[in-house]
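User: Hey, can you walk me through this one? I'm new to reading structures.
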Amino acid sequence: MDVLSRNNVVITGRGDGPVLMLANGFGCDQNMWRLVAPELARQFKIVQFDHVGTGKSDLSAWSEERYSSLDAYAEDILEICHELDLGPLVLVGHSVSAVFAVLAAAWEPQLFEKLILLTPSPRYIDDAGYRGGFSAEDIDELLESLDSNYLGWSEALAPVVMGNPERPELTEELTNSFCRIDPAVARVFARATFLSDNRADLGRVSVPTRVIDVAQDVIAPREVGAFVHKSIPGSELVTLEAVGHCPQLSAPAATTEAIAGFAARDG
């Protein structure tokens, strides 16, 4: 199967610019970047794609056996990089795609010049000495709700993820994005995401990394951003004065600046 078709890879921006790959989080597709990608495209060659099972990806490529592990999504990113042969690039991973970025860079660091981790979380469930933001019971309830009523689950989770209740159009967009995914795909992806624990992988990152968190984020609280920053050697942490887990939609100008400022920096 053609990798570029499988993941609906779209390339825009400056043909001679540094390469910036944008990877979106759970329940979304590359449309989530539409408010930041055009501005970034003035300076960079932009590579966007859809995870298998979402957006305009080839749904025939999805299988529960393969995509029940987050590793598979990271492997897909590596395959796209190899297929395009664009040399070391800057990989921006949003939410769970930040974990995919960490795994991909740990496995093949030569492919990546830098990582930018936007509202990352290596583990969503609280643990001794670690605040992930959710109890095990919270996640159990979330997954049970998804199994019993996917539409209702989407409508309940979207406002929590997005924040910004005074901007209902953002919540509606995320709800619609969730609802476009086959519930069977969403159940498998959700379990892989919310039950994951990739804290030990953070220390394997050897490329320059910027962690971007948000002042108010229920899904990935400030403590998580601080943990990721502390765990990745030599990384830097930037906190956006924004609300919600998707700042590329709620605060696109600040998000664009935080991405471009690091991606364009020498060294």
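User: How far is the sulfur of cysteine 28 from the closest cysteine sulfur?
Analyst: The gap is 5.6 Å, to the sulfur of cysteine 246, and that's too far for a bond. A disulfide needs a pair of cysteine sulfur atoms within 2.5 Å. Quick heads-up: this is a predicted model, where local features need pLDDT of at least 70, side-chain atom pairs count only at pLDDT 80 or more, and totals for chains, interfaces and linings use all residues. Residues are numbered from 1 along each chain as its sequence is written, and side-chain values use heavy atoms, with hydrogens and water left out.

User: New topic: which residues have the most contacts inside the largest nonpolar core?
Analyst: Met21, Ile77, Leu91, Phe112 and Leu115, in a core of 73 residues. Such a core is a set of buried Ala, Val, Leu, Ile, Met, Phe, Trp, Tyr and Cys residues joined through side-chain atoms within 4.5 Å.

User: What is phenylalanine 112 in contact with?
Analyst: Leaving aside neighbours within four places in sequence, phenylalanine 112 is in contact (heavy atoms within 4.5 Å) with Ile77, Leu78, Cys81, Pro88, Leu89, Leu91, Ala104, Ala105 and Val207. There's also a second, separate core of 23 residues, which includes Trp33, Ala251, Ile259 and Ala263.

Methods:
Buried < 20%, exposed > 50% of the residue type's maximum accessible area, 1.4 Å probe, protein only.
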